[in-house]
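Colleague: I would like to learn how to read a model like this one. Please take me through it feature by feature.

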Amino acid sequence: MTTASLPSRTVSRATSQSRPKNTHRIRRGFGYYVAWACLIALLAITVIPFYWMLRSSFTPNADLIADPGALWPRNPTFDAYRRVFGLTTPEEAIAQGGAGASIDFWLYLRNSTIVAALVTLGQTTFSAMAAYAFSRLQWRGRELVFAIFLSALMVPSIFTAIPNFILIKELGLLNTFAGIVLPTFFMTPFAIFFLRQFFLGIPREIDEAAMIDGAGPIKVFFRVIVPMSAAPITTLAVLTFIAAWNDYMWPLLVGQAENVRVLTVALGIFRSQTPQGSPDWAGLMAAALIAALPIVILFSILGKRIVNSIGFSGIK
């Protein structure tokens, strides 16, 4: 019995005809361009305020008053930054169109760093412990307690400001770092919910294997859960630091003394000082831009990790 063999040209031609051709270009509809237009518009809305702050900080106050809508500074100068860093005398500041008021920028920057660092350290640590108890430990009434605790997310923070203020006042902690830090030092419902969602995704077999080796719940938490959850814990720390850095209302209520005044409160006071009849807008924009710069740098470095962690926790 003989087998007929096809010519090589016929086989190659049949093979080439059977292969799908990807020569068609992807057709992009009207919605594609609308989506890009909306994205560019949102990006512009986000970036324009920072550009306006930058432009105003390099513009003398006289030019800001004469032509407030100018897109570029007419006579760019670093005088506003010199006033913020205390490199000018009150007489020079007034001559430059400033308010002549002093702002101890480095002191307020130090105070904001201390408050934000303490809140971040305490809230991240205790929230991780509470999330571990709600997700990995078995105890009666766990789901009910978590539901009650989570319901605090529906309570606006302004509602708890007066009770917390009275408590801090009765404890004698007004105008202290402890009074500013304590209400958010231990934990928040969002922080616990955020970490709990991630802890639930860790296989329980890992806990059981560690307990077989003789590890208790505390050792499992610090030796197993925390190293495996480094990304969401870091994300929570960054979000907590940003929130504490930008907080204004609570430090204004309990931290009006000069030695504990944070940067956001100092900028508000600097804004209200108008010995020449108008605020020092150039100096205020320069100080606000410098105050926002650390957060912008931090978020630009860790922004992708933050988005990925939030998305990963949300689908658990």
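Colleague: How many helices and strands are there in the protein chain?

Modeller: Helices (H or I, at least four residues) and strands (E, at least two) are DSSP runs, numbered from the N terminus. Here the protein chain has 16 helices and 0 strands. Keep the ground rules in mind: this is a predicted model, where local features need pLDDT of at least 70, side-chain atom pairs count only at pLDDT 80 or more, and totals for chains, interfaces and linings use all residues. Residues are numbered from 1 along each chain as its sequence is written, and side-chain values use heavy atoms, with hydrogens and water left out.

Colleague: Where is confidence lowest, and where is it highest?

Modeller: pLDDT is the predictor's confidence in each residue, from 0 to 100. The protein chain averages 82, and 85% of the residues score at least 70. Helix H1 (residues 8–18) has the lowest confidence, with a mean of 49. H9 has the highest, at 95. Over residues 1–6, pLDDT stays under 50. For that stretch the model has 1 contact (heavy atoms within 4.5 Å) beyond four places in sequence.

Colleague: What percentage of the residues count as buried?

Modeller: Buried means under 20% relative accessible area, exposed over 50%, and partly exposed in between (1.4 Å probe, protein chains only). Of the 316 residues in the protein chain, 33% are buried. The accessible surface, from the Shrake-Rupley method with a 1.4 Å probe, is about 19600 Å². Carbon and sulfur atoms account for 68% of that surface.

Colleague: What share of the contacts join residues at least 24 apart?

Modeller: Take the contacts between residues at least 6 apart in sequence; 72% of these join residues at least 24 apart. Ser127 sits in helix H6 and is buried, at a relative accessible area of 0%. Not counting residues up to four places away in sequence, Ser127 touches Phe186, Met187, Thr188, Ala191, Ile192, Leu195 and Leu236.

Colleague: How do H6 and H7 cross?

Modeller: Axes are lines fitted to C-alpha atoms, for helices over the stretch in contact, and angles run from 0 to 180 degrees between N-to-C directions. Angles under 35 degrees count as roughly parallel, over 145 as roughly antiparallel, 65 to 115 as roughly perpendicular and the rest as oblique. The axes of H6 (residues 105–135) and H7 (residues 142–150) come within 9 Å and cross at roughly 140°. H6 and H7 are therefore oblique to each other. Ala133, Phe134 and Ser135 of H6 meet Arg142, Val145 and Phe146 of H7. Those residues divide into 4 nonpolar, 1 polar and 1 charged. Here Ala, Val, Leu, Ile, Met, Phe, Trp, Tyr, Cys and Pro count as nonpolar, Asp, Glu, Lys and Arg as charged, and the others, Gly among them, as polar.

Colleague: At what angle do H7 and H10 pack?

Modeller: H7 and H10 (residues 189–199) pack at about 130°, with axes 9 Å apart. That angle makes H7 and H10 oblique to each other. H7 supplies Glu143, Phe146, Phe149 and Leu150; H10 supplies Pro189, Ile192, Phe193 and Arg196.

Colleague: Is Arg55 buried or exposed?

Modeller: Arg55 is buried, with a relative accessible area of 4%. Arg55 lies in helix H2. Beyond four places in sequence, Arg55 contacts Leu64, Asp67, Pro68, Gly69, Ala70, Leu71 and Pro73.

Colleague: Which residues does Ser56 contact?

Modeller: Ser56 is also placed in H2 (residues 30–57). Ser56 counts as buried, at 6% relative accessibility. Leaving aside neighbours within four places in sequence, Ser56 is in contact with Leu64, Ala282 and Met285.

Colleague: What is the phi of Asn175?

Modeller: Most residues other than glycine have a negative phi. Asn175 has a positive phi of about 60°. Asn175 lies in the loop between H8 (161–170) and H9 (177–181), and is partly exposed at 36% relative accessible area.
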